[in-house]
Amino acid sequence: MNTLSVSALNEQIKSLLETSFTRVLVEGELSRITFHNSGHIYFTLKDNSSAISCVMFRGNASRLKFQLEEGMKVVLDGAVSVYTPRGSYQVNCFSIEPAGQGALALAYEQLKRKLQEKGYFNPEIKKQLPKFPKKLALVTSATGAALQDMLRVANHRYRDIEVDVYDVLVQGDMAASSIANAISQANKKDYDILIVGRGGGSVEDLWAFNEEIVADAIFASVIPVVSAVGHEIDTVISDFVADLRAPTPSAAMQMILPDENELYQYLDSISNQFTQTLEQKIYNKKQELNHLHQAYKQNSIENKLTQKLEEIKSLKENFFQAITFKIQTHQRDLQQTFSQYPNAINSILKTKQNELSNAMKNLEANNPKYKSKKGFAQISKDKKVIDIDELNVSDEFELMSDKTVLSAKVLSKS
């Protein structure tokens, strides 16, 4: 036997293994997964009793539709290779599929769960779409039937709308980045609504709308986004992230654009309602004005003056009635007085005559002429008869007898 070097032995093993196992399908459980900065993925595939090292180089790893996770059961398609410097062998993976489940289905569920945890589907952050949009951005294929369907519906329902089309790839490896970039570009302009969509197709055809880069762009959009992808039975990730999901592209136009005919009918209804409301308000205001006019008339200066004149007239009538009554009363009293007057006058005259007679007699009795005696005279001061005791020193007085009147002055008094 020939003696071999280690390198020679490893080379022979390498040649034998790699030519014998050029294509293998192996099922197992993923373990010890390492995502290298270079883009390569290193992991171990194991079952209950054995394990084998595996590598998936960057080119093949970039085509994975789902995320490799610890403990996941997969079926890998690859070839056995030997790393001669260490004398170790491994499986070089070309592709990996989930065991018992499609890769796209798993990738869909993984991304859906991830975005839901990040809050991308939260109803509270959904933006409200305007009822009467003026500018619309369509992110879709310019050559697809979906665009023509949307434009046809728009022209039929609401011609007063400005539509800009952002032509993008809607399937293939570059479609997701093309769609995400168009959404970002549209957000630099002042659009009211942005529609992202395409017509129907297989799961693979629609896959661009299940990519995370598209979901991120929709979530970051400040413009309300409508997802209109495929047919009604098709559900993609963009449907969950968008502010509104439409079952088809044409349905999206029907949902976001008002119908001109219905709008005209609505305007007619609003016009009639406005006219009725206005007429009712005018009638109500007229009633209020009439009430105010009546209140003004009742409280106006003219009305108050009329009321005062009526009051004066009433007072005058009452006054004249009272005066007439008083006059009539006094006339009756006067007539009664006049009927009693002669007797009363005669009685008074007799009384006064008697008083006068008595006064005359008293005067005669006090007249000095009738009662003078020798050595006596009547004393008067200021033409009043007084007693001598009433005189004081320096008082001037008169002494009267029946024949003589003397003027005198008191010189002393004791």
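A crossing of two helices is called left-handed if the near helix is turned anticlockwise from the far one by less than a right angle, and right-handed if clockwise.

**View 1. Helix α4 passes helix α8 in a right-handed crossing.** This model is predicted, so local features need pLDDT of at least 70 and side-chain atom pairs count only at pLDDT 80 or more, while totals for chains, interfaces and linings use all residues. Residues are numbered from 1 along each chain as its sequence is written, and side-chain values use heavy atoms, with hydrogens and water left out. Helices are DSSP runs of H or I with at least four residues, and strands are runs of E with at least two, numbered from the N terminus. The axes of α4 (residues 145-157) and α8 (residues 249-256) come within 8 Å and cross at roughly 25°; axes are lines fitted to C-alpha atoms, for helices over the stretch in contact, and angles run from 0 to 180 degrees between N-to-C directions. The two helices are therefore roughly parallel, a term for angles under 35 degrees.

**View 2. Residues of α4 meet residues of α8.** In contact (heavy atoms within 4.5 Å) are A146, D149, M150, V153, A154 and R157 of α4 with P249, S250, M253 and Q254 of α8. These residues divide into 6 nonpolar, 2 polar and 2 charged. Ala, Val, Leu, Ile, Met, Phe, Trp, Tyr, Cys and Pro count as nonpolar, Asp, Glu, Lys and Arg as charged, and the others, Gly among them, as polar.

How values were computed: Angles under 35 degrees count as roughly parallel, over 145 as roughly antiparallel, 65 to 115 as roughly perpendicular and the rest as oblique.
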